[in-house]
Amino acid sequence: MADIINYWTIASIIVGLAVLLPFIMGFFSGNKFDVKGKTVLITGASEGMGKSVAKQLAQKGANIIIVSRNVGRLEEALAEVKASAADPSTQRFQYISADLSEPGGNARVIAEAIAWNKGQAPDVVWCIAGASIPGLFIETSPEIMRQQMDVNFFSCNDMAHAILNEWLQPASIGKGSTRHLIFTSSVAGVYTVAGYAPYSPSKAAIKSLSDTLVQEMLLYGDDVKIHTVFPGSISSPGLERENKTKPEITLILEEADKNYTPDETAASAIAGLERGDYLVAVSFLGSLMRATAWGSSQKNNYLVDTAMTWLASIVNIFVGMDLDSKVKAYGKKHGHPSTYPKKA
Ligand SMILES: NC(=O)C1=CN([C@@H]2O[C@H](COP(=O)(O)OP(=O)(O)OC[C@H]3O[C@@H](n4cnc5c(N)ncnc54)[C@H](OP(=O)(O)O)[C@@H]3O)[C@@H](O)[C@H]2O)C=CC1
Ligand SMILES: CCCCCCCCCCCCCCCC(=O)[C@@H](N)CO
């Protein structure tokens, strides 16, 4: 009897430690995303999540470069970013106006950023610029689909190409300073619903690029960390714009995904990066959706993430059936989509 108790005791201690170890290690391993004194370039930072990220990282002591197209909005946003600085006397701030969906836009931004940053490439590049033009597939023009790919995927792809060409030069690596390249996808990039055909593929492609780059970076040592953030719905100016034309069925399907403010989304994303996560979810529901789609992605925490994939695969049996049945019921009630009232 005593022997059995001993075996059970030992077994529980081992299992308990195995479960706790990642937390204990995470707890003591410190901040993996310390931006104090670093130069951070953030795209799409004149409003929404990007502006919140810029302000919060300024608060943590970073020099900030914000990028988007509209100069008026950039100037207003930069004033807010400056006002959030931890130490306005030492931190520096700049904006660059560029259309990042255009070929060459990202390379020019990096060249201008280096010139402003006294010849040094920024230490962190966070791609947040993006847009969503939802619509039923056959009603969406091929031009919109290409434009969605340009603004969401190619803005990340071309920015990665421009900055990695700086960071990965033989003379730039092996100096012990960690650089971070961060993409912003969406939960719709791993878990999509009807009406997001023009948008979701461009966000899914970001994850694929990200996974590929993570492995490719191993060829160059461990100076460069790649991350992808998967926000759910953000109550931003962008969401307001897309909701004006969003099919009603899409609104119904995404109802369960709670809206977080740009500030809340930015804070959870930064917390994930500080923990050292590779794929960063900003809510529990977001981490469930991500758990349906790990593919070859590096896990953040093998135990927790594997347990989440089990949970997600069971939850998704019911959620998947529920979403499909909502679409069928909507179709039955409203008839052929060509008869739906036109929005905007
Ligand atoms: N809102 C949501 O529900 C969700 C959003 N996301 C993603 O998160 C990110 C932030 O979203 P959100 O906070 O809603 O953003 P907003 O739409 O509120 O802001 C978008 C920002 O990107 C800039 N931008 C847009 N197009 C370009 C371009 N071609 N070149 C340069 N800059 C551009 C805008 O400025 P300007 O127009 O002046 O260029 C603005 O600063 C986006 O990538 C979005 O796809 C992910 C999940 C949910
Ligand atoms: C296994 C767990 C299942 C949980 C299911 C939840 C229901 C589906 C929600 C889909 C939400 C898509 C939001 C996209 C937001 C976005 O990216 C756009 N607003 C673009 O700006």
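Q: Okay, where does Ser202 sit?
A: Ser202 is in helix H6. Keep in mind that this is a predicted model, so we're reading a prediction here.

Q: And is Ser202 buried or exposed?
A: Buried: there are 28 other C-beta atoms within 10 Å of Ser202, and the cut-off for calling a residue buried is 20 or more.

Q: Which residues does Ser202 touch, if I skip the ones up to four places away in sequence?
A: Ser202 touches Gln148, Met149, Asn152 and Phe153.

Q: How far is Ser202 from Val214?
A: Going C-alpha to C-alpha, Ser202 and Val214 are 19 Å apart in space, and they're twelve residues apart in sequence.

Q: Let's zoom out to the sheet. How many strands are in it, and in what order?
A: Seven strands make up an open sheet, and the order is E3-E2-E1-E4-E5-E6-E7, with parallel pairing.

Q: Which strands are at the edges?
A: Strand E3 (93-97) and strand E7 (279-281). Each has a single partner strand, so one side of each has no neighbour in the sheet.

Q: How much are neighbouring strands turned against each other?
A: On average by 15°, if you ignore direction.

Q: How many bridges are there between E6 and E7?
A: Strand E6 (residues 224-230) is joined to E7 by three bridges, and the two run parallel. One pair to look up is Phe230 with its bridge partner Ala281 in E7.

Q: E5 keeps coming up. Why is E5 described as largely enclosed?
A: Because five of the six residues of E5 are buried, the rest of the structure largely encloses this strand. E5 also pairs with strand E4 (residues 124-127) in the parallel sense, over four bridges. In that pairing, the partner of Val125 is Leu181 in E5.

Q: How many residues of E1 are buried?
A: Five of five in strand E1 (residues 39-43). Thr39, Leu41 and Thr43 are on one side, Val40 and Ile42 are on the other, and all are buried, which leaves both faces of E1 covered.

Q: How many bridges join E1 to E2?
A: Five, and E1 runs parallel to strand E2 (residues 63-68). If you want a pair to find on screen, Thr39 stands opposite Asn63 in E2.

Q: New topic: ligands. Which residues are closest to ligand 1?
A: Gly44, Gly48, Arg69, Gly130 and Gly238 are the closest, out of 32 residues that surround ligand 1.

Q: Which helices supply at least two residues each to that shell around ligand 1?
A: Helix H2 (48-59) and helix H7 (237-245). By class, the shell around ligand 1 has 13 nonpolar, 15 polar and four charged residues.

Q: How many residues surround ligand 2?
A: There are 23, and the closest are Ser132, Ser186, Ala188, Asp257 and Asn316. The shell around ligand 2 splits into 13 nonpolar, seven polar and three charged residues.

Q: Where does the largest share of the ligand 2 shell come from?
A: From H11, with four residues. H7, helix H10 (284-291) and helix H11 (302-334) each supply at least two residues of that shell.

Q: What about Tyr196, where is that?
A: Tyr196 is in the loop between E5 and H6. Tyr196 is buried, with 27 other C-beta atoms within 10 Å. Leaving out neighbours within four places in sequence, Tyr196 is in contact with Pro134, Ala188 and Thr250.

Q: Last one: is Lys118 buried or exposed?
A: Exposed, with 8 C-beta neighbours inside 10 Å. Lys118 is in the loop between helix H4 (105-116) and E4. The phi of Lys118 is near 55°, a positive value in a residue other than glycine. Most residues other than glycine have a negative phi.

Terms used: Residues are numbered from 1 along each chain as its sequence is written. Chains are lettered from A and ligands numbered from 1 in the order in which they are written. This is a predicted model: local features need pLDDT of at least 70, side-chain atom pairs count only at pLDDT 80 or more; totals for chains, interfaces and linings use all residues. A residue is near a molecule or strand if its C-beta atom, placed from the backbone, lies within 6 Å of it. Ala, Val, Leu, Ile, Met, Phe, Trp, Tyr, Cys and Pro count as nonpolar, Asp, Glu, Lys and Arg as charged, and the others, Gly among them, as polar. Two strands pair if DSSP finds at least two bridges between them. Axes are lines fitted to C-alpha atoms, for helices over the stretch in contact, and angles run from 0 to 180 degrees between N-to-C directions. A residue is buried if 20 or more other C-beta atoms lie within 10 Å of its own, exposed if 12 or fewer, and partly exposed in between; C-beta atoms are placed from the backbone. Two residues are in contact if their C-beta atoms, placed from the backbone, lie within 7 Å.
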